[in-house]
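This report describes selected local features of one structure. The sequence and the coordinates are shown first.

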Amino acid sequence: MSVVSNVTVKVPATTANLGPGFDCIGAALQLHNEVTFTLNNSGLIIQASGIEAEKVQTDKSNLLYQAFTKLYNYIEQTPPSVKIEIKLGIPLARGLGSSATAIVGGLVAANVLAGLPLSDVQVMELAIAMEGHPDNVVPAFLGGCRLAATSSNGWEICDITWHRNIIPVVAIPDFELSTSEARLVLPTEVSRGDAIFNTAHFGLLLRGLATNREEWLKAALQDKLHQPYRQALIPGYDAVEKAAVAAGAYGIVISGAGPTLLALTDPLHTQMVASAMTNAWKQVGIKSTVRSLPIDVQGAVVL
Ligand SMILES: Nc1ncnc2c1ncn2[C@@H]1O[C@H](COP(=O)(O)OP(=O)(O)OP(=O)(O)O)[C@@H](O)[C@H]1O
Ligand SMILES: N[C@@H](CCO)C(=O)O
């Protein structure tokens, strides 16, 4: 039996992959979506406000509602009738984990309204199953930078040290790229050479993030599992990369499945890197919003 009639959940954006960590690492960023679920007797109502609110589905296909019903189905209860109010701060289908915020927000809200039948680990595992990979939903749920690996017991989640002087700068273009489309261009098999390349660079990335050692970070952002295949889906990639590096970035990577590009830099170069990325995209006719977003350490919060 539910003891509360409404719940508000705030969930951060996430940047997944970080170059060589395809499908296993992600970091939460200080940009958020917020959602309020209120029990009602009048059937499903969905209202969205904020950035790109007109693009959000307002029927049962809405991903927040899908996640909400997923949890009730899992505990073998009928989902209650609800009103869902969504405040969007994260643009959709840009590689900043908007779908993860919807999955985590819907599951966490359902768990609260249902009287907390599931543990945090169970909620997180449901979220991973819904999204299909852990690298957005885990940091969206827990905050910080997180590595997820399967184990015989489910998932091992590891918190990754992110040196405070490594500054993420996201350049968000004004076009969408759905994750499903960006996954379709990936090969199903890779060579041993590419697997070794990524293993080495991912190890370097983890040490680079912890130590802030410039030469390690500069080398570590390379990848052979997804970025070479996806760059063709992002016009201006090479120009933005060149401009960001010339302005003092360690390098750039595709944020999640793209099209947002993430640069890592130091506090001294943050503004110059941001301006360089904006201008580079402008020169190929693409408008973008470029922001330096600190790491979010809170994850999903019930307000
Ligand atoms: N707040 C939301 N409410 C309902 N549906 C949402 C919400 N946010 C995202 N979605 C759904 O998720 C889709 C975008 O998911 P997709 O995985 O393609 O991109 P993303 O999660 O923003 O990027 P990435 O996974 O690369 O970080 C939207 O088109 C919409 O259907
Ligand atoms: N690891 C995922 C993140 C986007 O959801 C991908 O790159 O497809």
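## Surroundings of ligand 2

In this predicted model, a polar side-chain atom of aspartate 135 lies 2.5 Å from a nitrogen atom of ligand 2; a polar contact is a pair of N or O atoms within 3.5 Å. An oxygen atom of ligand 2 is 2.6 Å from a polar side-chain atom of arginine 183. The side chain of asparagine 136 has an N or O atom 3.1 Å from an oxygen atom of ligand 2.

The residues around ligand 2 (one heavy atom within 4 Å) include Ala16, Asn17, Phe22, Asp23, His133, Thr179, Arg230, Gly256 and Ala257.

## Helices H9 and H10

The axes of helix H9 (residues 237-246) and helix H10 (residues 270-283) come within 8 Å and cross at roughly 155 degrees. Such an angle makes H9 roughly antiparallel to H10, a term for angles over 145 degrees. Helices are DSSP runs of H or I with at least four residues, and strands are runs of E with at least two.

Contact (heavy atoms within 4.5 Å) involves Ala239, Val240, Ala243 and Ala244 of H9, and Val273, Ala276, Met277, Ala280 and Trp281 of H10. By class, this contact has 9 nonpolar, no polar and no charged residues.

## Histidine 163

Histidine 163 lies in the loop between strand S6 (154-160) and strand S7 (167-173). Its side chain reaches the backbone nitrogen of asparagine 165 at 3.1 Å. Leaving aside residues up to four places away in sequence, histidine 163 touches Leu209, Ala210, Thr211 and Asn212.

## Basis of the values

Residues are numbered from 1 along each chain as its sequence is written, while chains are lettered from A and ligands numbered from 1 in the order in which they are written. Local features need pLDDT of at least 70, side-chain atom pairs count only at pLDDT 80 or more, and totals for chains, interfaces and linings use all residues, with side-chain values based on heavy atoms and hydrogens and water left out.

Definitions and conventions
Axes are lines fitted to C-alpha atoms, for helices over the stretch in contact, and angles run from 0 to 180 degrees between N-to-C directions. Angles under 35 degrees count as roughly parallel, over 145 as roughly antiparallel, 65 to 115 as roughly perpendicular and the rest as oblique. Ala, Val, Leu, Ile, Met, Phe, Trp, Tyr, Cys and Pro count as nonpolar, Asp, Glu, Lys and Arg as charged, and the others, Gly among them, as polar. A polar contact is a pair of N or O atoms within 3.5 Å; within protein, one must be able to donate a hydrogen and the other to accept it, and residues adjacent in sequence count only if both atoms are side-chain atoms.
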